[in-house]
Amino acid sequence: LKIGESYKVRLHFSENMLGKTGFRKFDVTINGTKVLTNYDIYAETGAKNKAIIKESKVIANASGQIIIEFTTVKYNAKINGIEIIEE
């Protein structure tokens, strides 16, 4: 990645295990900015095994990195895929 350049980060989610709202919640932080708070995949999609994508525009840090952190609030944080696309 290029230092200071803009990228689109696409986070892919699908709740494949838990079938109710409120069972899994987590936060997502990208390069120090919280982009999702108490995120509940099932609450957002309304169904088990239904995919959703959350996008954020991010600037690569001074080391040319995009650092994505997942913090569990309840149960375990979960991700199905990550895309980083140069803008």
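Are Phe-26 and Tyr-39 buried or exposed? Both Phe-26 and Tyr-39 are buried, where buried means under 20% relative accessible area, exposed means over 50%, and partly exposed lies in between (1.4 Å probe, protein chains only).

The model is predicted: local features need pLDDT of at least 70, side-chain atom pairs count only at pLDDT 80 or more, and totals for chains, interfaces and linings use all residues. Residues are numbered from 1 along each chain as its sequence is written, and side-chain values use heavy atoms, with hydrogens and water left out.

**Exercise 1. The aromatic cluster**

Task: Determine which residues form one aromatic cluster, and describe the pairs within it.

Solution. 
- Step 1. Rings of Phe, Tyr and Trp (its six-membered ring) pair if their centres lie within 6.5 Å; planes under 30 degrees apart count as stacked, over 60 as edge-to-face and the rest as tilted. The structure holds 3 aromatic pairs.
- Step 2. One of them joins Phe-13 and Phe-26, with 5.8 Å centre to centre and 45° between the planes, and is tilted. Phe-13 belongs to strand E1 and Phe-26 to strand E2, so this pair ties together parts that are 13 residues apart in sequence. Strands (E, at least two residues) and helices (H or I, at least four) are DSSP runs, numbered from the N terminus.
- Step 3. Phe-13 is buried at 1% relative accessibility, and Phe-26 is buried at 0%.
- Step 4. The ring centres of Phe-26 and Tyr-39 are 5.8 Å apart with planes at 80°, so this pair is edge-to-face. Phe-26 in strand E2 and Tyr-39 in strand E3 are 13 residues apart, and the pair links distant parts of the chain.

**Exercise 2. The nonpolar core**

Task: Identify which residues touch the most other members of the largest nonpolar core.

Solution. 
- Step 1. A nonpolar core is a set of buried Ala, Val, Leu, Ile, Met, Phe, Trp, Tyr and Cys residues joined through side-chain atoms within 4.5 Å.
- Step 2. The largest core has 15 residues, of which Phe-13 and Ile-30 touch the most other members. Two or more residues come from each of strands E1 (6-14), E2 (25-30), E3 (33-39) and E4 (51-59). E1 gives the largest share, 4 residues.
- Step 3. Beyond its neighbours within four places in sequence, Ile-30 has contacts (heavy atoms within 4.5 Å) that include Val-9, Val-35, Val-58 and Ile-67.

**Exercise 3. A buried aspartate**

Task: State where Asp-27 lies and which polar contact its side chain makes.

Solution. 
- Step 1. Asp-27 lies in strand E2 and counts as buried, at 11% relative accessibility.
- Step 2. Its side chain makes a polar contact with the side chain of Lys-34 (3.3 Å). A polar contact is a pair of N or O atoms within 3.5 Å; within protein, one must be able to donate a hydrogen and the other to accept it, and residues adjacent in sequence count only if both atoms are side-chain atoms.
- Step 3. A polar atom of the Asp-27 side chain also lies 2.7 Å from the backbone nitrogen of Asn-38.
- Step 4. Asn-38 is found in strand E3 and is partly exposed, at 41%. Phi of Asn-38 is near 50°, a positive value in a residue other than glycine.
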